[in-house]
Amino acid sequence: MRDLLKIHFGYDEFRPLQEDVIKTVLGRRDALVLMPTGGGKSLCYQLPALQFSGITLVVSPLIALMKDQVDALQANGIAAACLTSTLAPEELRVRERQIAAGEIKIVYLAPERLAMPGFRQFVRTLPVDFIAVDEAHCISEWGHDFRPEYRKLQGLRADFPRSPVVALTATATKQVREDIVRELRLKEPRIFVSSFNRPNLTYRVEPKDKTFDRLARILDQYRGESALVYCFSRRDTETLSRDLTAAGFSALPYHAGLDPKTRGETQEKFIRDEIPLVVATIAFGMGIDKPNVRLVVHYHLPKSIEGYYQETGRAGRDGLPSECVLFYSPADCEKHRYFIAEIGDPAERARSERKLAEMVRFAELTACRRAFLLRYFGETDAANSCGACDRCLTPRETFDGTLATQKILSAVIRTGEHYGASYITDVLRGSRSADISARGHDRLGVFGLFSDTSKPELRDYMAQLTAAGYLGKEAGRYPTLFVTAAGKRWLRDRGTVSLTRPCEPDEPAAGRHSDLPYEVELFASLRDLRKHCAQKENVPPFVIFGDRTLIEMAYYLPDSLSGLRAITGVGEAKLERYGQIFLREITAYAQARALGARERPRRHRPETVRATSTYLATRDLVARQLPLSAIASARELAPETIVGHLEKLLASGEALDIEYLKPPPERFAAIEAAFRRSGQPWLTPVRRLLPEEYSYLELRLARLWLRDILDSE
Ligand code: ADP
Ligand code: ZN
């Protein structure tokens, strides 16, 4: 399995749960997979699809995502296609013919196609071995994205009762989970729930204080990278993106009020790395599968933890370190409260209020942000401290806060426990506002006692006192502060208390997206090269290579194709297609600076045959001199896979008698001549030098006898 992972996808290791899911479906058992965004769900069905002899159907709700996935599979040399309603009828017929002829291994389908009787009839004739349902929560009315067409999938399951079904989603409350199992008629599914922790994301909350300048400073550190800024309203996105553009960042706004064409173009430009920055409302994101978003900023407070988690989840899908920054001002709550007050249904209104209150708790948290998020989503065993959020990272200075606490608590009492944190802060800082003097609060002894302390700092103390249980917050529209029973006891007993002082916010660790001190300049030019290739092939850049792959190239500086093969994300198809051009760029850079290649440590080497039963089984059948087609059908594998086994066995020095498989002499001579002319081991150029009737399979087979002359890597 690991060999397939490396050969087809270029990865060394499985992510958590991937291997177990794959084994389950290959054992023909149904599965339900709950994994956060970026957890690597696609691989859970793409890899087993290669092992089944028939076709794998993948149901997915979003056409744009399907297209990207098909592009990515094709770049990895895997025969995939999608059938969507946007295809022209002729195009559709061509694809259907290819599928019927067995030329396509993985077929992506939009669910509404299944509602068409003719299409259902066509699907029924296909050898479907495996069905994957992506974004499976769409089947549930309880989910946030119900799609009635998903209900049609029951029929699909009925058409192929013996094929395993895997349902995958990133959102699943218990109710949605039960819905998926019931509606898809999953049979005793194994349920996989991965942690919702996103270890590569750093969470940070900053007070809203000269926010625009602060944002510009952060963005400055992410120049050349992709970033998303979420705003509250449509108008905010327009003004902010205009201001950012004026400040020298190229940004585009995105919201549901723009016409569909503009929206599509903006999305496309972002995905294709043609615009680094999108300023959006929460309308942006569905259908965005961009793996290398390095920064997600919330310019305003989101209205729920669910939304915040989902939006920040769009950062760092590729697993590289990425950052989430939330700018928080309690004033932002007012806007939400205004809308919440408009909600007619009282239960719904109360629910929204509760969600907002949780969001505020998160923003005002004095403890680990990640621990809070994970507990919110039911992971009760989350560690108390993550080491990768502002609360865990920023060193805070502890001081004797007894006096400060006395002043704050008495300000709350003296103003009659009628006001929120913002008003109390103003009184303590001695604000000359009309409200304060009208109420006579400027004559209180506590007025102006904190004139030297900044607003955010003072609010931070109050948040700490709230967390410590001395201050309480009235629920509802105006969260007024009161002193709790514990607070009153503390005042009476003249207790002591330690507070911590917030430090200057740390600079985000931009430009250091990796544990590897890579050549930054080379990385930039590899990125350009990637974009160039992507434009030529009309696919998004990440389809060519992911950021991690380019970073490794820019660190290990491979100087041969076999060195390049060791890099993560470089499978055989990509090595063949892009190996030479990327190698040329790397060696030119390295030679100009007299830098040598570094060997990449590998935990797993597919070149060396491990004692896996799959190779041994093939070897035994070869020893019995069975024809290739017979071995393939005995093993229920493609003949190409069998030849792949032979390549591995021979490369590892296995003594294997394969003479009986050699193509007839005159054909072999022609193939040999073509390989000699091309001078390279790649099949495509050789294929072009020969007449139509020579198949890739035959060339690959013949190549087994030509290893010595071609071993020029
Ligand atoms: P999801 O659908 O769960 O959001 P994806 O399937 O899109 O996640 O995968 C997220 C990213 O992780 C992709 O860029 C993918 O190529 C990468 N990835 C998946 N599995 C692995 C793996 N085993 N090793 C390295 N990268 C992986
Ligand atoms: Zn933390």
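A: Happy to. A term to start with: helices here are DSSP runs of H or I with at least four residues, numbered from the N terminus. Keep in mind that this is a predicted model.

Q: What's the volume of the largest cavity?
A: It comes to about 40 Å³.

Q: And which residues line the largest cavity?
A: Its lining is made up of I131, V133, L153, L156, R157, V165 and L184.

Q: Which element gives the most to that lining of the largest cavity?
A: Helix α7 does, with 3 residues. Both α7 (153-159) and β5 (128-133) supply at least two residues each to the lining of the largest cavity.

Q: How do the residues of that lining divide by class?
A: For the largest cavity, 6 are nonpolar, 1 is charged and none is polar.

Q: OK, switching over. What volume does the second largest cavity have?
A: About 30 Å³.

Q: Which residues line the second largest cavity?
A: You'll find F196, N197, R198, Y203, Y309, R370, L373 and L374 around the second largest cavity.

Q: Where does the largest share of that lining come from?
A: From helix α15, residues 369-376, which provides 3 residues to the second largest cavity.

Q: And by class, what does the lining of the second largest cavity have?
A: The second largest cavity has 5 nonpolar residues in its lining, along with 2 charged and 1 polar.

Definitions and conventions:
Residues numbered from 1 in each chain as written. Chains lettered and ligands numbered in written order. Predicted model: local features only at pLDDT ≥ 70, side-chain atom pairs only at ≥ 80, totals over all residues. Heavy atoms only, no water. 1 Å grid on protein atoms, 1.4 Å probe; cavity = no way out; pocket = protein on both sides within 12 Å on 5 of 7 lines; lining within 4 Å. Points joined across faces, edges and corners; volume = space filled by probe spheres on them. Nonpolar A, V, L, I, M, F, W, Y, C, P; charged D, E, K, R; others polar.
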